[in-house]
Amino acid sequence: MPRTKIAEREDPLMETILGRKQKLKMTHAQLDKKARFADGTFKRLKGRHTDEWKLSEIKSVCYVLNIPIEKVRAEIRYV
């Protein structure tokens, strides 16, 4: 059987996080350090949809990147 790529789900919060990280010119290692994550944690999280993140991880990343909580609430998908 041929391999097929499953379409990725939209993730507006991840787009906001990555856009803000790029605007601040922050590396994964710098974000890990400022959010008090172990080395490589953000790189691992980036590979997953934010629906699968722990709330504490979302809060830490958004705090470091100065993303307002109102914006986070608007972009989180409630299931």
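The model I am reading is a predicted one.

Entry 1, helix 4. I looked up which residues of helix 4 (residues 55-64) are buried, and found E57, I58, V61, C62 and V64. Viewed down the helix axis, these buried residues fall within an arc of 160 degrees, so they line one face of helix 4. I recalled that an α-helix has 3.6 residues a turn, so residues three or four places apart point the same way. I then asked what covers the buried residues of helix 4. The cover includes helix 1 (12-23), helix 2, helix 3 (41-46) and helix 5 (69-75). After helix 4 comes N66, and I recorded its phi as positive, near 55 degrees.

I located D32 in helix 2 (residues 28-34). I noted that D32 is buried but has no salt bridge. The nearest side chain of opposite charge belongs to R44, 8.1 Å away, whereas a salt bridge would need the charged atoms within 4 Å. Setting aside neighbours within four places in sequence, I listed the contacts of D32 as F37, A38, D39, G40, T41 and F42.

I placed H49 in the loop between helix 3 and helix 4. Is H49 buried or exposed? H49 counts as buried because its relative accessibility is 12%, and the cut-off for buried is under 20%. I also compared H49 with P12: they stand 37 residues apart in sequence, and their C-alpha atoms are 10.0 Å apart in space.

Key:
Residues numbered from 1 in each chain as written. Predicted model: local features only at pLDDT ≥ 70, side-chain atom pairs only at ≥ 80, totals over all residues. Heavy atoms only, no water. Helix = DSSP H or I, 4+ residues; strand = E, 2+ residues; numbered from the N terminus. Buried < 20%, exposed > 50% of the residue type's maximum accessible area, 1.4 Å probe, protein only. Lys, Arg positive; Asp, Glu negative; His and termini not counted. Contact = heavy atoms within 4.5 Å. Arc of directions from axis to C-beta.
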